[in-house]
Amino acid sequence: MEKVAISATDLTKIYGERAALSHGNFVVPEGSICGFVGPNGSGKTTTIRMLLGLITPSGGTATVLGESISHPEKYLPQVGAMIEGPAFYPALSGRENLKVLAELGGFPLSRVDQLLEKVDLADRGGSKFKTYSLGMKQRLGIAAALLPNPNLLILDEPTNGLDPSGIQEVRGIIRDLADSGTTVFVSSHILSELEVICEYLVMLREGKVIFSGRTQELLSGQKPMIIAKPEYDVDLTNLAKTLGDSGFSVSIVDGSLQIDAAQEASATINRLAFESGITLASISVVLPTLEETFFEMTGDNK
Amino acid sequence: MIRVVIAELRKLRRPTLLLGTIATVGGLSALFTSIIFLMIDSENGNGERGERISAAELSNSMGLVYGFKLVGVFLGIVALCIFASQTAQEYSLGTLRNLLVRQPSRMKLLAGKFIAMKIFALVMVLFAGALSVAISFALAGRAKVDTSSWSSSGAMQLLFENTLNIFISTLCFGALGMILGLLLRSPISAIAVGVLWSLILENILGALIKSTAKWLPGANFQNIGGGGSLDLSYKHSLAISALYLIVSGCLAAILFKRRDVAN
């Protein structure tokens with residue numbers, strides 16, 4: 001049986017009459033990179049705060065690294081976290097800010113410079129936090145989360161404000177940590193990012209867990225699509241009609257036909273096109289991206 | 001808890017706060033002590049509320065601590081502001097969540113924070129006292145004050161007692177600031193409420209209904225710093241102050257322990 005780093009059972013948080021999280025059930029396997037997705041206000045940060053002992057649940061239970069969240073002191077020394085953006089003392093330098101947290105957690109101060117190096121802030125470590133750009137603040141937040149050399153890393157929107165190379169670096173850091181056995185639980189709005197790095201996903205919508213499992217399982221459960229492109233654009237309408245007459249659901253998008261069908265239908269489509277005297281320039285099967293799946297599942301396609 | 005104290009001291013010793021506090025406290029200490037010696041012949045008085053302190057009075061062993069005693073209440077207000085802002089800023093900056101992830105025991109965090117601020121307040125009081133004593137010696141000649149009794153054991157004991165009283169008074173004001181910081185979670189609100197109450201509202205209340213002064217927190221904290229007065233005994237002030245701080249401190253601590261950290 002797979003070991004779990006995080007397990008939530010009916011985890012609930014109610015503010016007044018509004019449920020920020022309602023009966024949340026999910027598991028995050030140990031050593032995995034697990035994405036945590038959901039529209040704004042769906043309960044992601046509330047859930048993370050409950051897992052870190054900052055908020056008391058209204059109901060249900062959860063365990064982190066095998067310990068109940070009612071005793072955060074038992075597991076937090078092994079957990080690194082960056083919650084809802086980096087929060088530091090503006091008048092202290094990046095280095096001093098990390099030293100405050102290192103002293104508080106009882107970690108060696110030598111780790112501070114190693115981590116500043118790791119997040120590419122070594123040359124700005126002595127500058128005051130208030131002079132940092134958003135990307136630098138974010139990197140410092142990640143460095144702070146790595147202070148305990150964590151077994152579990154919880155990151156809330158770690159790539160906010162980072163440029164493409166910064167995003168790539170964070171992805172690299174996350175992968176390195178996962179390779180060394182660290183479990184990473186990461187929320188992000190950049191779903192294409194999560195699709196690339198996450199083996200597991202927990203998806204929230206309006207305070208409810210609507211999916212928890214392997215990313216592949218989620219994506220393969222979605223309807224695939226066949227994209228066919230005739231050699232000549234003038235054949236698009238004819239081909240669409242031919243396929244439509246044969247019972248396929250077809251739409252024309254950007255000079256190609258999008259056909260709601262599984263891979264097995266490729267041969268049939270090719271044959272129907274050939275019989276109509278149309279040569280296909282290309283035919284391919286595509287699975288919906290995580291983003292498309294997310295929008296479909298959450299109904300949030302704005 | 002020692003880790004919390006060390007971490008807090010790192011924040012408190014940042015140059016802007018440390019040097020700013022030293023400059024403020026040093027300035028106040030220098031100002032009040034200088035007034036006593038430089039305005040010794042002024043008809044408007046050279047002491048608290050226009051009181052005239054003569055060269056003869058300054059020549060006795062108490063003369064060494066007059067200036068320091070005057071600055072005591074202001075040290076309390078400075079401590080109130082620092083304790084309040086250092087506590088409330090953890091909420092307003094959002095740094096409390098980082099602290100609690102690294103130190104989940106909220107009571108240890110609170111106690112460590114208070115101990116660190118006590119150390120800071122002690123440094124502040126000792127600096128103000130040392131500066132006041134140095135200025136007193138420096139200006140005594142000009143004010144024709146005989147300083148021979150200032151180095152007696154009686155004067156040293158008075159200096160020690162006054163330093164202790166001012167330190168206790170400063171801690172009381174500081175604790176009030178910390179409690180307000182925990183309750184209001186905003187540095188500006190906590191400082192505004194604390195200073196307005198201690199410096200203005202209590203004085204208005206005390207002037208309107210004289211008997212209330214005996215029971216108001218600020219008046220009692222201030223009275224501790226002065227070593228007691230004819231109207232209000234030192235022991236009474238200690239007891240009332242302890243009562244206020246224990247009750248409000250427990251309330252604030254329970255709130256801090258139980259309240260969700262949602263910002």
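Although Glu84(A) is not a glycine, its phi is positive, at about 50 degrees, and with 18 other C-beta atoms within 10 Å the residue is partly exposed; a residue is termed buried if 20 or more other C-beta atoms lie within 10 Å of its own, exposed if 12 or fewer, and partly exposed in between, with C-beta atoms placed from the backbone. A positive phi, of about 55 degrees, is also found at Asn149(A), likewise not a glycine, which belongs to the loop between α4 (134–146) and β7 (152–156) of chain A. Asn149(A) has 13 C-beta neighbours inside 10 Å and therefore counts as partly exposed.

Because the model is predicted, local features require a pLDDT of at least 70 and side-chain atom pairs count only at pLDDT 80 or more, whereas totals for chains, interfaces and linings use all residues. Residues are numbered from 1 along each chain as its sequence is written, and chains are lettered from A and ligands numbered from 1 in the order in which they are written.

Chain A is divided by the domain assignment into domain 1 (4–220) and domain 2 (225–286), the bounds being taken from an automatic or database assignment. The C-alpha centres of these two domains of chain A are 45 Å apart.

Chain B contains ten helices and zero strands. Its radius of gyration, taken over C-alpha atoms, is 20 Å, close to the 18 Å given for 263 residues by the globule rule (2.2 Å times the number of residues to the power 0.38), so chain B is as compact as a globular protein of that length. The C-alpha trace of chain B spans about 60 × 40 × 30 Å along its principal axes, and 44% of the 263 residues count as buried. Of the contacts in chain B with a separation of 6 or more, 78% are between residues 24 or more positions apart, a contact being defined by C-beta atoms, placed from the backbone, that lie within 7 Å.

Where the two chains meet, 23 residues of chain B and 25 residues of chain A take part in the contact. On the side of chain B that touches chain A, the elements giving two or more residues are α1 (2–12) and α5 (96–102) of chain B. The residues of this side comprise ten nonpolar, six polar and seven charged, with Ala, Val, Leu, Ile, Met, Phe, Trp, Tyr, Cys and Pro counted as nonpolar, Asp, Glu, Lys and Arg as charged, and the others, Gly among them, as polar.

Note on methods:
Helix = DSSP H or I, 4+ residues; strand = E, 2+ residues; numbered from the N terminus.
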